[in-house]
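Here's a quick report on how the chains meet and on one spot inside a chain. Have a look at the model first.

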Number of protein chains: 4
Amino acid sequence: MLIVMKPDATQSDIDRVVQVIERLGFRGHPMPGESRTAIGVTGNRGSVDPTHFENLPGVAEAIRVTKPYKLISSDLRPGRSVIKVGNATIGGGELAMIAGPCAVETPGQVFKVAEVVAASGAKFFRGGAFKPRTSPYAFQGKGEEGLKILAEVRDQFGLNIVTEAMDEHGIDLVEKYGDCIQIGARNMQNFSLLKYAGKTRKPILLKRGLSATLDEFLLAAEYIMAEGNYDVILCERGIRTFADHARNTLDISIVPAIRRLSHLPVIIDPSHASGHNYMVEPLARAGVAVGADGLIIEVHPCPEEALCDGAQALTPLQYTQLYRQLQTLHNSIHMEEAIHAPA
Amino acid sequence: MLIVMKPDATQSDIDRVVQVIERLGFRGHPMPGESRTAIGVTGNRGSVDPTHFENLPGVAEAIRVTKPYKLISSDLRPGRSVIKVGNATIGGGELAMIAGPCAVETPGQVFKVAEVVAASGAKFFRGGAFKPRTSPYAFQGKGEEGLKILAEVRDQFGLNIVTEAMDEHGIDLVEKYGDCIQIGARNMQNFSLLKYAGKTRKPILLKRGLSATLDEFLLAAEYIMAEGNYDVILCERGIRTFADHARNTLDISIVPAIRRLSHLPVIIDPSHASGHNYMVEPLARAGVAVGADGLIIEVHPCPEEALCDGAQALTPLQYTQLYRQLQTLHNSIHMEEAIHAPA
Amino acid sequence: MLIVMKPDATQSDIDRVVQVIERLGFRGHPMPGESRTAIGVTGNRGSVDPTHFENLPGVAEAIRVTKPYKLISSDLRPGRSVIKVGNATIGGGELAMIAGPCAVETPGQVFKVAEVVAASGAKFFRGGAFKPRTSPYAFQGKGEEGLKILAEVRDQFGLNIVTEAMDEHGIDLVEKYGDCIQIGARNMQNFSLLKYAGKTRKPILLKRGLSATLDEFLLAAEYIMAEGNYDVILCERGIRTFADHARNTLDISIVPAIRRLSHLPVIIDPSHASGHNYMVEPLARAGVAVGADGLIIEVHPCPEEALCDGAQALTPLQYTQLYRQLQTLHNSIHMEEAIHAPA
Amino acid sequence: MLIVMKPDATQSDIDRVVQVIERLGFRGHPMPGESRTAIGVTGNRGSVDPTHFENLPGVAEAIRVTKPYKLISSDLRPGRSVIKVGNATIGGGELAMIAGPCAVETPGQVFKVAEVVAASGAKFFRGGAFKPRTSPYAFQGKGEEGLKILAEVRDQFGLNIVTEAMDEHGIDLVEKYGDCIQIGARNMQNFSLLKYAGKTRKPILLKRGLSATLDEFLLAAEYIMAEGNYDVILCERGIRTFADHARNTLDISIVPAIRRLSHLPVIIDPSHASGHNYMVEPLARAGVAVGADGLIIEVHPCPEEALCDGAQALTPLQYTQLYRQLQTLHNSIHMEEAIHAPA
C-alpha cells in the first residue's frame with residue numbers, strides 16, 4: 001500500500017496518516033519528494049483496505065502495490081534519490097568516484113593512495129578493514145586497527161570513507177569510524193545483516209550478489225529500507241557466468257533496468273567485475289556511458305605487492321589519468337543529453 | 001602442512017606435535033583415522049618448514065599441502081567421515097532421510113508430519129523456524145517458538161532435529177533446541193557466521209550457495225572446521241543457471257566430485273532444487289543413485305496451504321511411498337556395488 | 001490447432017480431414033494413438049477457425065493450441081512414442097544402451113569395442129565419422145571411410161548404428177550407412193539442418209544445445225517433426241554453467257520436465273556431460289534412476305590413446321560392469337514403480 | 001607455427017616459404033603487416049620443426065605457437081585489421097554504424113528505414129531475409145525476394161548491405177546480393193557453415209554464440225580464416241545467463257579481451273542483447289565507450305507492427321538522435337585518449 005499525499009498536505013496530515021498505519025499494526029514510511037510526500041505501508045501480509053486512508057485530510061490517493069517491492073520503487077518517490085555520504089552526495093548528477101586500495105594494509109600504503117585520490121578531486125575513499133576471503137587461510141583484514149587508519153584519512157584528506165562490514169559487530173565499528181557501510185556481494189542475502197544495517201543511520205552501499213536477479217537485488221535494498229534506513233546506494237560488481245575471460249561478467253544493463261524501477265542511485269565496480277588491470281579503464285568508461293551515478297575503483301601504490309586482489313588495482317598514475325578521462329566523458333554525455341532531450 | 005603420525009603413535013606423541021605447532025603460532029587439528037592419526041596445521045601464511053616435525057616421536061611424515069583446503073581433504077582423513085547427529089549418524093553407509101515441512105507453522109501441522117516421518121523409519125526431522133525470504137514482507141518464520149515445537153517433536157517421536165540458523169543469535173538457539181544447525185545457501189559465504197558455527201559443538205549442515213564452485217563450497221566447510229568443529233555435512237540444493245524448467249538446476253555431478261576430494265558426507269535436497277512436487281521423486285532417486293549419503297525432503301500435510309514453498313512439498317502419502325522406494329533402491333545399488341567391486 | 005478423431009473414425013475420415021487442412025493451405029500430421037488418432041495442423045500463422053472441422057465425419061474435437069509446440073506435445077499423442085531404430089526400439093520400457101568410441105579411428109579400434117558392446121547385450125553402437133571440434137586444427141573425423149567401418153559393425157555384430165551428421169551432405173551419408181542420425185549440441189538450432197533432417201526417413205537423435213532452454217529444445221524437435229519425420233529421440237548431454245568440476249552440468253531434471261510435456265523418448269549422455277571417466281558410472285546410474293529411456297556411453301579400447309575425448313571414455317571392462325549394473329537398477333526401479341503405483 | 005619475415009623480405013622470399021610449407025603438406029597464410037609479413041602455418045597436427053624454415057632467405061624467426069589459435073592472433077598481425085565492406089571499412093578508427101530492420105518485410109518498410117539510415121551518415125544497412133526463429137511456425141523471412149529488396153537499397157542509397165545466411169545456399173545468395181555475410185549466434189559453431197563461409201570472398205560478420213567462451217569465439221573465426229577468408233568482424237550480442245531483466249547479458253568485457261589477443265575488429269549489438277527499446281541507447285553508448293569498432297542497431301518505421309523483435313527496435317527519430325550522440329561520444333573518447341596516451 002502506498003499513500004500519496006496532496007502537494008499542500010501539512011506535516012500534521014502526514015503524522016496523522018502514519019499514526020493510523022501504526023494503529024493498524026503496520027509500519028509507515030514517509031518519503032518526501034520534490035512536490036509531495038508519499039507514505040509506504042509495510043508489515044502487512046496480504047492487502048490493506050484503502051478506505052482506511054482515502055478520507056483522511058491531505059491524502060490524494062491510496063494505491064495498492066502489487067510489485068514485491070515498495071520503498072525502493074519510483075512509484076513511491078518519482079524523482080531520484082540523492083544520498084548524503086559524509087560531506088558529499090551520491091546520486092545528484094555529479095559522477096561520484098570512490099577510490100582506494102582493496103585492503104587496508106599499512107598506514108603508509110593507505111596515505112600514499114589517499115593523497116592521490118584527494119588530489120584527483122574525488123570525494124570518497126575505499127579500503128577494506130574486514131575482508132571476505134574464499135579461504136579461511138587468506139589475509140582477513142586488519143579489523144578495527146584498519147578502521148582507525150581510514151578515520152585518519154578522513155581527518156587528513158577530507159575524504160569520506162566507504163568500507164565493508166561483514167557482521168553486526170563490524171557494522172557497529174564502521175558506523176563509528178566510517179561514512180558509508182558497504183555490504184558485500186556474498187552478504188547480499190544475509191537478511192539478518194540487512195535488517196541490522198537498516199537500523200543504523202549511516203548510508204549503505206549494497207553490492208549485488210554474484211547470482212542475484214534484479215528483483216532479489218532490489219528486495220535486498222528493500223530489507224534495509226523497511227527498517228527505516230532509506231539511504232541505500234546499489235552497486236553492480238559483475239555476476240557469475242560461464243564466461244572465463246574476466247573474473248565476473250559486468251552486467252551494465254542492470255543500470256537502465258534499475259533506473260526504470262527505482263529512485264536509488266547505482267554505481268559500477270569495474271575492478272572486482274573484471275579482475276584485470278587492463279580492463280578497468282574501458283569498463284569504467286562503459287559504466288559512465290551507461291549512466292551510472294559513480295564508480296568504485298581499486299588503486300594501490302604497488303599493485304604487484306598487494307595482499308589482496310593486486311592484479312586488478314590501478315597504479316596511482318593510471319588512476320589519475322582515468323579520473324580525468326571519466327569526468328570529461330560524464331560531462332560530455334550530460335551535455336549531449338541536454339541537447340537531445342525532447343523539449 | 002599435514003603431519004601424518006605412525007600407526008603406533010601414542011596420544012602423548014600426538015599432544016606433543018600439537019604443542020610444537022602451537023608454539024610456532026599455528027593451530028593443530030588432530031583427526032583420528034582408522035589406522036592412524038593425521039594432524040592438520042592451519043593459521044600459517046605461506047609454507048611451514050617440515051623439519052620442525054619430522055624428527056618428533058611418532059611422526060611418519062610432514063607433507064606440504066598445496067591445495068587451498070586442508071581439513072576437508074581426503075589426504076587428511078583417507079576414510080569417510082561418519083557424523084553423529086543426535087542419536088543417529090550421517091555418512092556411514094545407511095541412507096539418511098531428513099524430512100519435514102519447509103517452515104514450522106503450527107504445532108498441529110508439525111506433529112502431523114512428524115508422525116508420518118517417524119512411522120516411515122526416518123531418523124531426522126527438518127522444519128524452519130527462521131526463514132530466509134527474498135522479500136522482507138514474506139513470512140519470516142516463528143523464531144524461538146518454532147524451535148520449541150521442534151524440540152517437542154524430538155521428545156515425542158525420537159526424531160533428530162535439523163533446522164536453519166541465520167545469525168549468531170539463531171545459532172545459539174538452534175544449538176540449544178536442535179541437533180544439527182543448517183546454514184542456508186544464501187549464507188554459504190557469510191564467513192562470520194561460518195566461523196561462529198565452527199565454535200559450536202553441534203554438527204553443521206552446510207548448503208551449497210546458488211553460484212558456488214566446488215572449491216568455494218569446500219572452503220566454506222573449511223572455515224567451519226578451521227575453528228574446531230569437524231562435523232560438517234554438505235548439501236547440494238541446486239544451482240542458478242539459465243534453465244527455467246526447474247527453480248534451480250540440481251548438480252548431481254558434485255557428489256562424485258566431492259567424494260574424490262573430501263571425506264565429508266554429502267546429501268541432496270531435491271525439493272528446493274526443483275521447486276516442483278512432480279520432480280521430487282525422480283530427482284530423489286537420482287540422488288540415491290549418484291551416491292549421496294542422504295536426502296532432505298519437504299513434506300506438508302496440506303501443501304496447497306503451506307505458508308512457504310508449498311508447490312514442492314510432498315503429501316504424507318507421497319513421502320511414505322518415496323521413502324520405501326529409496327531405501328530399496330539404496331540397498332540394491334549397494335548390493336550391486338559389492339558384487340561388481342574388484343576383488 | 002489439434003483435431004482429435006473419434007475412436008471409431010475410419011481411415012477415409014482421417015484422409016478427408018487432412019484434405020480440408022491442405023485445401024486451407026496448411027499441413028496435416030495424423031498421429032495414430034492407442035485408441036484414436038489426432039491430427040496436428042501446422043503452417044498457420046495465428047489461429048485457425050475450428051468450425052472448419054468440427055462437423056466433419058469422425059471428428060471428436062478441434063482444439064486451439066496455445067503452446068508454441070504441437071507435434072512434440074503429449075496433447076497430440078497421450079501415450080509415449082516408441083521409436084524404431086534399425087532392428088530395435090527406443091522408448092518402449094527397456095533401457096536402451098548406445099555405446100562405442102567417441103570417434104571412429106581405425107577398423108581395429110572400432111571392432112574391438114563393437115565386440116564388447118555386442119557381448120554386453122546392447123543393441124546400439126555409436127561412433128563419430130564427422131567430429132565437431134572447437135579448433136579447426138583438431139582431428140575432424142574419418143568421414144565416409146568411417147561410416148563404412150560402422151556399416152561393417154552392423155553387418156558383423158548386428159548392432160544398430162547411431163552417428164552424427166553436421167551438414168546436409170553428412171545427413172545423406174548417414175542415412176545411407178547408419179540407422180540413426182545424430183544432430184549434435186552445437187547444431188541444435190541450425191534450423192536449416194533440422195528441416196533437412198525432417199525430410200529423411202531415419203530416426204533422429206537430437207542433442208540439447210549447451211544453453212538451450214526446455215522450450216528451445218522441444219521446438220528444435222518440432223522443426224524436425226514439422227517436416228514429417230516424427231522419429232525424434234531427445235538427449236540431455238549437459239549444459240554450460242559456471243560450475244567447473246565437470247565439463248558441463250548434467251541437468252537431469254529435464255527428464256521429468258520433458259515427460260510432462262512430450263511423448264518423445266529422452267536419453268542421457270553422462271560421458272560428454274562430465275568429461276571425466278570417474279563420473280560416468282554415478283551419472284549413468286542417476287540417469288536410469290531419474291527415468292531416462294536410455295544412455296549413450298563412450299567406450300575406448302585404450303582411452304589414453306584416443307584421438308578425441310579420451311579422458312571420459314570407459315575401458316571395455318568398466319563398460320561391461322556398468323552395463324550389468326544399470327540393467328539391474330532399471331529393472332529394480334520398474335518393479336518398485338509397479339508395486340507403488342496407485343491401483 | 002608462425003614464420004615472421006624480415007622487414008626487407010621480398011615477395012619471392014615469401015612465396016618460397018609458402019612453397020616449402022605446402023611441400024610439407026600444410027597450408028601457408030601470408031598476412032602482410034605494416035612493417036613486415038608473417039606467415040601462419042596451419043594443417044599440422046602436433047608441432048612442426050622450425051629448422052625447415054629458419055635458414056630460408058628473408059625469414060627472421062620461426063615461432064612455435066602454443067595457443068589454440070593462429071590466424072586471429074595479434075602475434076601474426078601486430079596492427080589492427082581494417083576490413084573492407086563494400087565501399088567502406090570497419091576497424092579503422094571510425095565508428096561503424098550498421099542499422100536497419102530486424103527482418104525485411106516489404107519494400108516500403110525497408111526503404112523508409114534506409115532513407116533514415118542513409119541520411120544519418122551511416123554506411124551500412126542491416127535486414128534479415130533469412131530469419132533463424134526458435135519456432136518452426138514463426139515468420140522465417142522473405143528469402144531471395146528479401147535480398148533483392150536489400151540490393152535495391154544499396155543501389156538507391158549507397159548503403160553497404162549486411163545480412164544473415166543460415167546455410168550454404170543462403171551464403172551463395174548473400175554473396176551475390178549483399179556486401180557482408182552475417183553468421184548468427186546459433187550457427188557460431190556450425191563448423192561446416194564456417195568452412196563454407198571461409199571459401200567466399202565477402203567479409204563475414206560473426207556473432208558470438210549464446211554460451212561461447214572467448215576461446216570458442218576466436219576459434220570459430222579461425223575456422224573461417226583457415227579456409228583463406230581473413231575478413232572477419234566479430235560481434236558481441238549478449239550471452240545467456242540467469243539474469244532476467246534483459247533478454248541476454250551484454251558482455252562488454254569481451255571487447256578489451258579480444259583486443260589483447262586478436263587484430264580483428266569487434267562490434268556490439270545492443271538491440272539483440274537487451275531485447276528492450278529503452279536499453280538500446282545506454283548500451284550503445286557503453287559499447288562505444290568500451291572501445292567497440294561499431295554497432296549494429298535495429299530500426300523499424302513502426303516497431304509495434306514488426307513481424308519480428310519489434311520490442312527492441314528504435315523508431316527512426318530515436319535512431320537519428322542516437323547516431324549523433326554516439327558519433328560525438330566516439331570522437332570525445334578518441335580525443336581524450338590522444339591527450340592521455342603516454343608520449
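## Where chain A meets chain D

In this predicted model, 39 residues of chain A are in contact with 39 residues of chain D. On the chain A side, helix 7 (254-261), helix 9 (277-290) and helix 10 (316-340) each give two or more residues. Helix 9 of chain A has the largest share, putting in 9 residues.

As for what that side of chain A is made of, you'll find 21 nonpolar, 13 polar and 5 charged residues touching chain D.

## Where chain A meets chain B

Over at chain B, 23 residues of chain A are in contact with 23 residues of chain B. Helix 5 (191-198) and helix 6 (214-226) of chain A each supply at least two residues here, and helix 6 gives the most, with 5 residues.

Sorted by class, the side of chain A that touches chain B comes out as 10 nonpolar, 8 polar and 5 charged residues.

## A closer look at A:M188

Is A:M188 buried or exposed? It counts as buried, because it has 25 C-beta neighbours inside 10 Å and the cut-off for buried is 20 or more.

Setting aside neighbours within four places in sequence, A:M188 is in contact with A:I183, A:L206, A:K207, A:R208, A:G209, A:A212 and A:A220. A:L219 is 31 residues away from A:M188 along the chain, and their C-alpha atoms are 9.8 Å apart.

Conventions: Residues numbered from 1 in each chain as written. Chains lettered and ligands numbered in written order. Predicted model: local features only at pLDDT ≥ 70, side-chain atom pairs only at ≥ 80, totals over all residues. Contact = placed C-beta atoms within 7 Å. Helix = DSSP H or I, 4+ residues; strand = E, 2+ residues; numbered from the N terminus. Nonpolar A, V, L, I, M, F, W, Y, C, P; charged D, E, K, R; others polar. Buried ≥ 20, exposed ≤ 12 C-beta atoms within 10 Å, placed from the backbone.
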